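This report describes a predicted model.

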Amino acid sequence: MAVTSKRETYLESILKMGYTRRDFMKFATYMAAYMGLENSAVGQIAHALEKTPRLPVIWEHYQECTCCSESFIRSDHPIVADIILDKISLDYTETLMAAAGEQAEAAKHETMKKYHGEYILCVEGSIPLGDDGNYCCIAGKTAIQQFKEAAEGAKAIIAWGSCASNGCVQSAKPNPTDATPIHKLVSDKPLIRVPGCPPIGEVMAGVIVHVVAFGRLPELDGAKRPKAFYAKRVHDSCYRRAYYDAGLFVESFDDENAKKGYCLYKVGCKGPMTYNACGTIKWNNGVSYPIQSGHGCFGCSEDNFWDNGPIYERLTAIPGFGIEHTADSIGKAVTGAVAVGVAAHAVASTIKNKLKKSEN
Amino acid sequence: MKEKEFKRIYVWQVPVRIFHWANALSIVVLAVTGIIIANPPALQSDHEAYETFYMGYVRVSHFIAAYVFVAAMLLRIYWAFVGNQYAHWKSFVPFTKKWFSNLFYVIKHDVFMLPYNEKKSKLLHISVGHNSLASFTYLIMFVLALIMVFTGFGLYSQNASWWLPKLFSWVPTFLGSDFTTRLIHHISMWLIIFLVIIHIYFVIYHDVTEKEGEVSSMINGHIFKEKS
């Protein structure tokens, strides 16, 4: 095989792994479909993967549970895991790399030096800023030091999952470690947020293939999320939407309506407020997603979702009142108070007029 | 009892009255449908989902009423610049000394019904249109209406195809999420409900106690004032 450039292209490494060209074309087609691109883009992706030298990727783990990595390596197509993880030159990732300790750090620093300004930095996890960042240290450095160092020479940064995008559970009240999502820590680099706890594996694959194949970020929305996957609410692509529009709701999890598969809106489904692709791409190779399994969405890809009220009720807690006090309970109480006030005023003014009349 | 003489003053011009009733109607529809959307009643049905469209109609009514609300609001904003003195925007944000003294007068004697000195009560007559407390309340109401429009269209923008609601698509991003946006939308609805209750009560109260025809004034535009 003729080596056209100093660095291997994606196609070259794919063929080297023992896949056929047919597998490669299937992979390109999968990716185009995931990215929501039209048919003609298949050729573009194949072309890009054929010609572009592989981009080095540094994948950092900070305060997180590694569910993003777990989701990613289970994404639908085997080439995703093999190529993206093993061969996209994932030069550094604590979870999956063979090297450890000094070796691992050395590999990372070599990549950072050699490919300065070219590598993609993927971040999984939030970064604690409290107590000088001492809550999360890797190789003797705090997460924030590690991150700043790696971000400096990155071509683009991908924030994987809700931890890196929103802070997730670590930043839930009272946020003891001052866990901070990474978009608040860097402003001079192209950044993409892929929220979800975890994000869907195919979504992650779609995003990273887009970045490495086209050398630029996919189209993003106002919150820096890829539009192809986060433009719609889970509610808008839900197969139970017809029950919502018909006003047919599950009232409790063991009722007849639940058996019939009615809409889970009233038992706390956060689908109407959550932007994600669960309804279309689904989970575990397209098997199902929470609502299909009879459980409401709890909005894991939304900002601050741990503090947004109870999972099984369609209520939003008012800050400072505790969860049992909702807008409606307070609203009803105050409406009652207003009504009492109005009635008292009416009675008092009537009495006053009577007194006035009797004086005259 | 000695006979009193009244003069008839034209206060509420036609656009103000159109605004008022369009606004009132849309608020009623918006609040009722909004409460249903927030917590839909449990309905049992023999029909399959494809045969009914109950929530769909409720939501469509909410959105149509929202457009009526915005249209009325735009009309009122326009009229705040070209209308008469009672409709002018300056009557809502005067913050002058006279305005403050009227404000305290209204709070003391109308709200808390403290006895007043008849000779000093001349101040009463500066409020042919809104009194100071009322105009200030409508200023708050206007701010609440703006919050409703921004959060409401912000939530709606994701499903919209028209450019106007799409102008508000930055709102949920700015506030953090749809959760927060919805919460603000919901709380503001309750605040508007409180103001509506107080508004209706005091209109009737003034009509009964001062006999100036306040209730009918929003239909025929005229208020009766005692000749002094």
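## Domains

Chain A falls into three assigned parts: domain 1 (10–230), domain 2 (234–307) and domain 3 (330–360). Taken over C-alpha atoms, the centres of domain 1 of chain A and domain 3 of chain A are separated by 65 Å.

## The parallel sheet

An open sheet of chain A is formed by five strands in the order β2-β1-β3-β7-β9, with parallel pairing. Its edge strands, β2 (90–93) and β9 (191–194) of chain A, each pair on one side only. On average, neighbouring strands of this sheet are turned by 15° against each other, direction ignored.

Within the sheet, five bridges join β1(A) and β3(A) in the parallel sense. A:Ile58 has A:Leu121 in β3(A) opposite.

## Helices on the sheet

Helix α7(A) lies across β1, β3 and β7 (156–160) of chain A, and runs at about 165° to β1(A). Helix α9 (residues 201–214) of chain A also packs on the sheet, where it touches β3, β7 and β9 of chain A. The direction of α9(A) makes about 180° with that of β7(A).

## The buried face of α7

In helix α7 (residues 143–152) of chain A, the buried residues are A:Ala143, A:Gln146, A:Phe147 and A:Ala150. Viewed down the axis of α7(A), these buried residues fall within an arc of 95°, so they line one face of the helix. In general, residues three or four places apart point the same way because an α-helix has 3.6 residues a turn.

The contacts of the buried residues of α7(A) include β1 (57–61), β3 (120–124) and α6 (101–114) of chain A. They also pack against β4 (127–128), β5 (137–138) and β6 (141–142) of chain A.

Note on methods: Residues numbered from 1 in each chain as written. Chains lettered and ligands numbered in written order. Predicted model: local features only at pLDDT ≥ 70, side-chain atom pairs only at ≥ 80, totals over all residues. Domains from an automatic or database assignment. Buried ≥ 20, exposed ≤ 12 C-beta atoms within 10 Å, placed from the backbone. Helix = DSSP H or I, 4+ residues; strand = E, 2+ residues; numbered from the N terminus. Arc of directions from axis to C-beta. Contact = placed C-beta atoms within 7 Å. Pairing = 2+ DSSP bridges. Axes fitted to C-alpha atoms, helices over the stretch in contact; angles between N-to-C directions.
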